[in-house]
Amino acid sequence: MTTYRVRVGFHNPSALTFRQLDEILEQQRFWRTASRSATFRYFMEYEYESEVRDLCEVCELAYSQACKVKKCPLVMVVEETTEEKTLANMQQ
């Protein structure tokens with residue numbers, strides 16, 4: 001199972017934008033991570049786990065779903081390694 005960290009951002013988003021994004025991405029099994037800073041105003045971070053999708057497919061899925069909320073989203077996808085997960089768990 002591979003875990004991907006996905007950040008989705010918009011230009012000048014509203015709270016409603018992110019609420020709609022949460023609803024749409026939740027249906028695709030993206031889970032919002034805890035917000036660690038005040039940057040939530042411009043983007044939200046999600047986790048996605050998959051055994052069959054690769055990095056490009058996850059990015060395409062996140063982008064296509066975010067486009068349903070608002071035009072021109074910025075999407076960044078990073079594949080998490082086991083070391084990153086362990087470090088993140090230790091920090092919490």
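**Entry: the model**
I note that this is a predicted model. I looked up the confidence and found a mean pLDDT of 86, with 82% of the residues at 70 or more. By element, I found the highest confidence in helix α2, with a mean of 96. Helix α3 (residues 82-91) has the lowest, with a mean of 58. Where pLDDT is low, the predicted coordinates should not be read in detail. I leave the placing of helix α3 out of these notes.

**Entry: the overall count**
I counted three helices and four strands. Going along the sequence, I wrote down their order as β-α-β-β-α-β-α. The protein has 92 residues, and 32% of them count as buried. I put the accessible surface at about 6,500 Å², and carbon and sulfur atoms hold 51% of that.

**Entry: the sheet**
In what order do the four strands lie in the sheet? I read β2-β3-β1-β4, in an open sheet with antiparallel pairing. I found β2 (30-32) and β4 (74-79) at the edges; each has a single partner strand, so one side of each lacks a neighbour in the sheet. On average, neighbouring strands are turned by 30° against each other, direction ignored.

I then followed β2 to its partner. Three bridges join β2 to β3 (residues 43-50), and the two run antiparallel. Across this pair, I found R32 opposite Y46 of β3.

**Entry: helices on the sheet**
Which strands does helix α1 touch? I found that α1 (residues 15-27) packs on the sheet and touches β1 (2-9), β2 and β3. The direction of α1 makes about 5° with that of β3. Helix α2 (residues 55-67) also packs on the sheet, and I found it touching β1, β2, β3 and β4. I read an angle of about 150° between the directions of α2 and β4.

**Entry: E45**
Is E45 buried or exposed? I found a relative accessible area of 13%, and the cut-off for buried is under 20%, so E45 counts as buried. The side chain of E45 makes a polar contact of 2.8 Å with the side chain of R7. Leaving aside neighbours within four places in sequence, I listed the contacts of E45 as R5, V6, R7, W31, R32 and T33. R32 in that list is the residue I had noted opposite Y46.

How values were computed:
Residues are numbered from 1 along each chain as its sequence is written. This is a predicted model: local features need pLDDT of at least 70, side-chain atom pairs count only at pLDDT 80 or more; totals for chains, interfaces and linings use all residues. Side-chain values use heavy atoms; hydrogens and water are left out. Two strands pair if DSSP finds at least two bridges between them. Axes are lines fitted to C-alpha atoms, for helices over the stretch in contact, and angles run from 0 to 180 degrees between N-to-C directions. Contact means heavy atoms within 4.5 Å. Buried means under 20% relative accessible area, exposed over 50%, partly exposed in between (1.4 Å probe, protein chains only). Accessible areas come from the Shrake-Rupley method with a 1.4 Å probe; for residues, only the protein chains shown count as cover. pLDDT is the predictor's confidence in each residue, from 0 to 100. A polar contact is a pair of N or O atoms within 3.5 Å; within protein, one must be able to donate a hydrogen and the other to accept it, and residues adjacent in sequence count only if both atoms are side-chain atoms.
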